[in-house]
Amino acid sequence: MNLILKIIKFFPPELAHSIALYSLKILYKLNILNLFFTKVNTKNHEIFGLNFSNRLGTAAGLDKNGDFIDCLGALGFGFLEVGTITPLPQSGNPKPRVFRIPQEQAVINRLGFNNKGIDHLINNLKSRKFEGVVGVNIGANKNSAGQERINDYLVCLRKVAGLCDYLTINISSPNTPGLRDFHNEENISNLINAIEEEANITNFKGPIFIKISPDEQIESIMKIAEIVFNSSMSGLIVSNTTLDRNLLKDDHYKHFNGGLSGAPLMVPSTKILKSIKEAFPKLNIIGVGGVMSKDDFDIKINAGAELVQIYTGFIYNGPKIVQDILN
């Protein structure tokens with residue numbers, strides 16, 4: 001399996017990602033996935049009203065369209081977050097748009113919410129066999145603006161309300177122009193009010209999280225945390241990718257557009273997580289950003305995260321990282 005992973009990494013990053021996931025899916029369909037990966041330890045955790053077999057999950061972006069729910073679930077994750085999904089399919093930004101920085105265990109992506117649309121995801125959610133927790137990360141189409149952008153979130157919420165365990169409101173991707181404007185106090189308040197109203201109409205009782213950017217001023221982040229804490233939202237996901245290129249040692253990549261993920265994001269995202277938890281101890285937080293090992297996982301938990309997600313760590317280390325963290 002290690003040899004296969006090394007071969008896959010010779011392909012361009014976005015193609016390699018697809019090859020790896022479809023390879024997992026084939027092994028799962030052939031019922032031989034367990035021959036390659038050791039069964040992980042499980043322990044029931046009841047967190048914000050849901051039962052998790054463990055506290056490790058996938059971050060949004062790993063499986064945008066829910067095409068790989070069952071094979072990823074079979075690796076032992078306690079929960080999966082699919083998306084980011086938008087009401088209408090969209091192709092995203094021009095390629096190439098994903099860049100590996102292996103010497104720094106990092107990735108820069110400027111995908112731009114490329115996905116097959118909410119209706120495609122709905123079919124996958126309905127047909128899944130994975131019995132663990134599944135969350136859906138929702139966003140707005142690139143060409144939507146103003147109230148139309150808020151409506152995009154509401155359309156997605158309405159359509160998946162009975163098909164997922166929790167929802168994440170993505171306001172923090174750096175690759176959709178103007179999306180991070182929702183970090184403004186008035187804008188986030190308007191969005192949360194609309195989400196709360198729609199959740200009541202659709203009778204969605206699951207947790208709802210806001211995924212935030214690590215690039216905002218700490219005062220802005222704390223104001224969002226306060227607004228979320230005083231709302232019916234369940235908590236925050238901390239954090240999305242960063243535009244801060246000072247985290248990179250290699251100057252070659254400092255002019256590349258897109259969100260930076262991986263090891264360089266570990267310290268700043270965890271610092272924000274810890275600051276929020278200290279200010280709002282009862283606010284639920286899912287920690288994500290830079291988790292490349294069990295030590296990183298433990299640091300996120302000790303900083304106050306109830307759950308932890310991985311993405312770039314999975315890309316560099318393969319499915320074995322699930323066993324390394326949980327066993």
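Entry 1. I started with a charge and a ring: Lys25 lies over the face of Phe68, at 5.4 Å from the ring centre. I keep in mind that this is a predicted model.

Entry 2. Next I looked up the aromatic pairs, and the structure holds 11 of them. I picked Phe48 and Phe209, whose ring centres are 5.0 Å apart with planes at 65 degrees, so I noted the pair as edge-to-face. Phe48 sits in the loop between strands E1 and E2 and Phe209 in strand E9, so this pair ties together parts that are 161 residues apart in sequence. Phe209 has 0% relative accessibility and therefore counts as buried.

Entry 3. Phe99 belongs to strand E5, while Phe256 is in the loop between strands E10 and E11, 157 residues apart. I found both Phe99 and Phe256 buried.

Entry 4. I finished with two helices, H8 (residues 266–279) and H9 (residues 294–303), whose axes come within 9 Å and cross at roughly 20 degrees. Angles under 35 degrees count as roughly parallel, so H8 and H9 are roughly parallel to each other. From H8, I listed Met266, Ser269, Thr270, Leu273, Lys274 and Lys277, which meet Asp296, Ile299, Lys300 and Ala303 of H9. I sorted the residues of this H8 and H9 contact into four nonpolar, two polar and four charged.

Technical notes
Residues are numbered from 1 along each chain as its sequence is written. This is a predicted model: local features need pLDDT of at least 70, side-chain atom pairs count only at pLDDT 80 or more; totals for chains, interfaces and linings use all residues. Side-chain values use heavy atoms; hydrogens and water are left out. Axes are lines fitted to C-alpha atoms, for helices over the stretch in contact, and angles run from 0 to 180 degrees between N-to-C directions. Helices (H or I, at least four residues) and strands (E, at least two) are DSSP runs, numbered from the N terminus. Angles under 35 degrees count as roughly parallel, over 145 as roughly antiparallel, 65 to 115 as roughly perpendicular and the rest as oblique. Contact means heavy atoms within 4.5 Å. Ala, Val, Leu, Ile, Met, Phe, Trp, Tyr, Cys and Pro count as nonpolar, Asp, Glu, Lys and Arg as charged, and the others, Gly among them, as polar. Rings of Phe, Tyr and Trp (its six-membered ring) pair if their centres lie within 6.5 Å; planes under 30 degrees apart count as stacked, over 60 as edge-to-face and the rest as tilted. Buried means under 20% relative accessible area, exposed over 50%, partly exposed in between (1.4 Å probe, protein chains only). A charge sits over a ring if NZ of Lys or CZ of Arg is within 6 Å of the ring centre and within 35 degrees of the ring normal.
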